[in-house]
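Thank you all for coming.

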Amino acid sequence: MKKYIAEMIGTMVLVLMGCGSAVFAGSVTGTVGAGVGTVGVALAFGLSVVAMAYAIGGISGCHINPAITLGVFLTGRMNGKDAGMYMIFQVIGAIIGSAILFALISTGAHDGPTATGSNGFGDGEMLQAFIAEAVFTFIFVLVVLGSTDSKKGAGNLAGLAIGLTLVLVHIVCIPITGTSVNPARSIAPALFQGGEALSQLWLFIIAPFVGAALSAAVWNYLGDKAEKK
């Protein structure tokens, strides 16, 4: 149970800090300190992962993302029961993080372009959004699988590599969808946003899972090939 609770806390922090940066400081203005913009929000998500990797990585592996959990499961590093429980507690943690943001918004104001940090895409841009989420999740999860591999991984530097990759992914993908690459991160804000965010939520669940499955297949091939050599 400790590793499930760790995943819940880690995902809560990711949503609170990542989505919170968009909610409270996402606007770009000419006034110093008034907004962090795309790069600032990207850094908030990435730094959240770095922080949690070193806080709970030794307990749960710090997936804090159902797409990562799927990739880890498909590469044979965890069993189905743990994978399912990880995903459940990740979603619970994300909902707690969004609930805290909702409480903050309800008791004050916000300066960002969004009140929840929910993901979305414009009319006629569904295919673009699906491709982006699948491809960027593929890249992100591939880095996770490679850097955390017991024999070929980056060891104690894995958390830094993963966090910086998430920053990179966000910088490119934020203008397209707001960047999900994490179904739990999308589910929670959509529940509080409702409306269009809920109607588009399916894409931010399916596309990241497709990308994660592809990355697992690629890593299984690369890992096996490297092992044989």
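Before we look at any space, we need one sorting rule, in which Ala, Val, Leu, Ile, Met, Phe, Trp, Tyr, Cys and Pro count as nonpolar, Asp, Glu, Lys and Arg count as charged, and the others, Gly among them, count as polar. With that rule in hand, the lining of the second largest pocket divides into eight nonpolar residues, nine polar ones and one charged. Please keep in mind throughout that this is a predicted model.

Let me stay with that second largest pocket for a moment. It holds about 270 Å³ of space, and of the 18 residues that line it, those closest to its centre are Ala22, Pro113, Thr114, Ile174 and Gly178. Helices H2 and H6 each supply at least two residues of this lining.

Now to the largest pocket, where the space comes to about 670 Å³. Its lining is made of 41 residues, and the closest to the pocket's centre are Gly61, Val72, Arg77, Val144 and Thr148. If you follow the helices on the screen, the elements that give two or more residues to this lining are H2 (37-60), H3 (66-74), H5, H6 (158-177) and H9. Which of them gives the largest share of the lining? That is H2, with six residues. Sorted by class, the lining of the largest pocket has 18 nonpolar, 16 polar and seven charged residues.

Helix H4 gives the most, with three residues. By class, five of the lining residues are nonpolar, two are polar and none is charged.

Phe102 and Phe192 form a tilted pair, with 5.4 Å from centre to centre and 35° between the planes. Why does this pair tie together parts that are 90 residues apart in sequence? Phe102 lies in helix H4 and Phe192 in helix H7, so the contact joins those two parts of the chain. As for accessibility, Phe102 counts as partly exposed at 44%, and Phe192 is also partly exposed, with a relative accessible area of 32%.

A further pair is made by Phe121 and Phe204, whose ring centres are 6.2 Å apart and whose planes stand at 45°, so this pair is tilted as well. It links distant parts of the chain, with Phe121 in the loop between H4 and helix H5 (126-147) and Phe204 in helix H9 (residues 201-228), 83 residues apart. Are these two residues buried or exposed? Both Phe121 and Phe204 are buried.

Finally, ring pairs also link Tyr4, Tyr86 and Phe89 into a cluster, and with that cluster I will stop and take your questions.

Key
Residues are numbered from 1 along each chain as its sequence is written. This is a predicted model: local features need pLDDT of at least 70, side-chain atom pairs count only at pLDDT 80 or more; totals for chains, interfaces and linings use all residues. Side-chain values use heavy atoms; hydrogens and water are left out. Helices (H or I, at least four residues) and strands (E, at least two) are DSSP runs, numbered from the N terminus. Rings of Phe, Tyr and Trp (its six-membered ring) pair if their centres lie within 6.5 Å; planes under 30 degrees apart count as stacked, over 60 as edge-to-face and the rest as tilted. Buried means under 20% relative accessible area, exposed over 50%, partly exposed in between (1.4 Å probe, protein chains only). On a 1 Å grid over the protein atoms alone, a cavity is a set of points where a 1.4 Å probe fits but cannot get out, and a pocket is an open set with protein on both sides within 12 Å along at least five of seven lines; lining residues have an atom within 4 Å of a point. Grid points are joined across faces, edges and corners, and a volume is the space filled by probe spheres set on the points.
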